[in-house]
Amino acid sequence: MTTDSSTTNTSAPGGISTFKGQERALRADRLGTGGLLLSVLAATAPLMVVAGVMPTTFAVMGIVGQPLLFVVLGVVLILFGIGYAEMSRHVHNAGAFYAYIARGLGGTAGAGAALVALVAYNALQIGIYGILGFEVSGLLATYAEIEVAWWIPALVAALAVGLLGWLKIDVNARVLGVLLVIEVLLVVIFDIAALADPGKEGLSLHAFNPDTLTGAGVGTALCFCVAAFLGFEQAPVYAEETSRPHVLVPRVMFLAVGGVAVFFALSSWALTVATGPAAIVGTAQKQSAGLLFFLTESRLGGTFTDVLHVLFVTGMFAALLSFHNVVARYAFAMGREGLLPAAFGRTSGSSGAPGTGSLLQSGVAVVVVSAFAIADDRPAGDPTAPVLHLFTWLGNIGALGVIVLMAAASLSVVVFFVRRGAAGAQAWRLVTSTLAGIALLVIAGYTVRDFDVLVGAGPGSALSWVLPGIIGLACVSGLVLGLVLRARAPQKHARIGLGNEAFQLDKAASS
């Protein structure tokens, strides 16, 4: 066996290769606790959740106890994180989910998970362009009296995200950090204002009453709310770019889950306090996505509300960049292991970022946004179906994919440690992973069952099975790819999920 001479090229005394990365790894020591935490939390887009997800859940599901749902989901995801974090101490791979699943359930399952992850995170990222484009179009019409079609700012944002994706990840983290901190501060100011000036029911804790979680809409409300947490599970994706992944990755995951659960529970409670629990559903149905802005206008004034609109856009941009980075790193990991063409296993010379994967994600985003733009025959400023579909269809496809991946990862944690004879030492982690896996499967079941509600389609609509079927198709395609590799290239199949370890094995064998 011979080695690829290009892997020995270095571009600077620091030693990062201009072709496949130093030893086919992403450049290490780029992120500390703060940078990693900010990169992860940016994907949760706190302002987008408070202004978009929460009002929709109140209005469509009629569930007053949304704050309690965030607490419940926080507990479930902490249970999930216990085993997931322990797995991150043993496996450092930018392929995170699929690497863990491959190490626990085998290479074929890992290949299936890899394609699901690639499709799911692409869908989550691209879907946001719809709502961002529409919001920017509205802001330009309101403040600059310029009529611009939604897809123009969406495509500009796609190009900007693609450019940032080529930069060093620590530069990205600083951009994400500034945007995230400002978002959080503004939401906290609203929370304080709402509690200082409550509705006619005062500082009611009724929204935390378990009785508020009754009715047919609870399962679907869980699907809406779990999407708000998506991002914390991305921490292991950056493991190769941290100085101490076995310490930083688990720490960041628990900080992210705990922080998100508390922040969203308090913020959704503040919404119920501002209107009164008895009026929150009706007010949300009347104001829709304008609920937060309606409440800030009367309490904090027009200027604050205008700033909030602008930060709503920058928050979505931060989420776009965060998901873009994740997709690029999944593509890098898959290219490194032969699940995608080898070109995707390359890093850009100066920054050490996965440049080819970044180009892939940007290209897919531009094509999909362009397709929805072509289907849009409405005038600028009209809340057209393509805009709404781009956001709701792709967002829910992505959320379903990540929920399925988390359930599979919970199972893989159990199998991984049992096969290694560590069941006794890891007993409590196996229990928490099992409980989390069961809960996540229940949520996935509700998501598939109620997909027509999630995407606003009729009960008999083909969309209720076509859209979730995209995740099923990705999974089956990945499994077929895994089976083909097992039959035709068993050595490559055996190394799925090993990441940089696979390269080291090749290197050792050649010498």
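The lining of the largest pocket is made up of 30 nonpolar residues, 12 polar residues and 1 charged residue, where Ala, Val, Leu, Ile, Met, Phe, Trp, Tyr, Cys and Pro count as nonpolar, Asp, Glu, Lys and Arg as charged, and the others, Gly among them, as polar. The model is a predicted one, in which local features need pLDDT of at least 70 and side-chain atom pairs count only at pLDDT 80 or more, while totals for chains, interfaces and linings use all residues. Residues are numbered from 1 along each chain as its sequence is written, and side-chain values use heavy atoms, without hydrogens and water.

The largest pocket holds about 1100 Å³ of space. Of the 43 residues that line this pocket, Gly52, Val53, Thr56, Phe391 and Thr392 are the closest to its centre. A pocket is an open set of points on a 1 Å grid over the protein atoms alone where a 1.4 Å probe fits, with protein on both sides within 12 Å along at least five of seven lines; lining residues have an atom within 4 Å of a point. The volume is the space filled by probe spheres set on the points, which are joined across faces, edges and corners. Helix 2 gives the most to the lining, with 8 residues. Among the helices that each supply at least two lining residues are helix 5 (107-144) and helix 13 (385-419).

The chain contains 18 helices and 0 strands, both being DSSP runs numbered from the N terminus (helices H or I, at least four residues; strands E, at least two). Of its 511 residues, 59% are buried, that is, under 20% relative accessible area with a 1.4 Å probe, protein chains only.

Within helix 11 lies Val326, which is buried, with a relative accessible area of 0%. Val326 touches Tyr121, Gln234, Val237 and Tyr238, residues up to four places away in sequence not being counted; contact means heavy atoms within 4.5 Å.

Confidence is given as pLDDT, the predictor's value for each residue from 0 to 100. The chain has a mean of 83, and 86% of its residues reach 70 or more.

| Confidence in the chain | Helix | Residues | Mean pLDDT |
|---|---|---|---|
| Lowest | helix 18 | 500-510 | 55 |
| Highest | helix 16 | 463-488 | 95 |

Over residues 1-24, pLDDT stays under 50. Where pLDDT is low, predicted coordinates should not be read in detail.

Technical notes: Buried means under 20% relative accessible area, exposed over 50%, partly exposed in between (1.4 Å probe, protein chains only).
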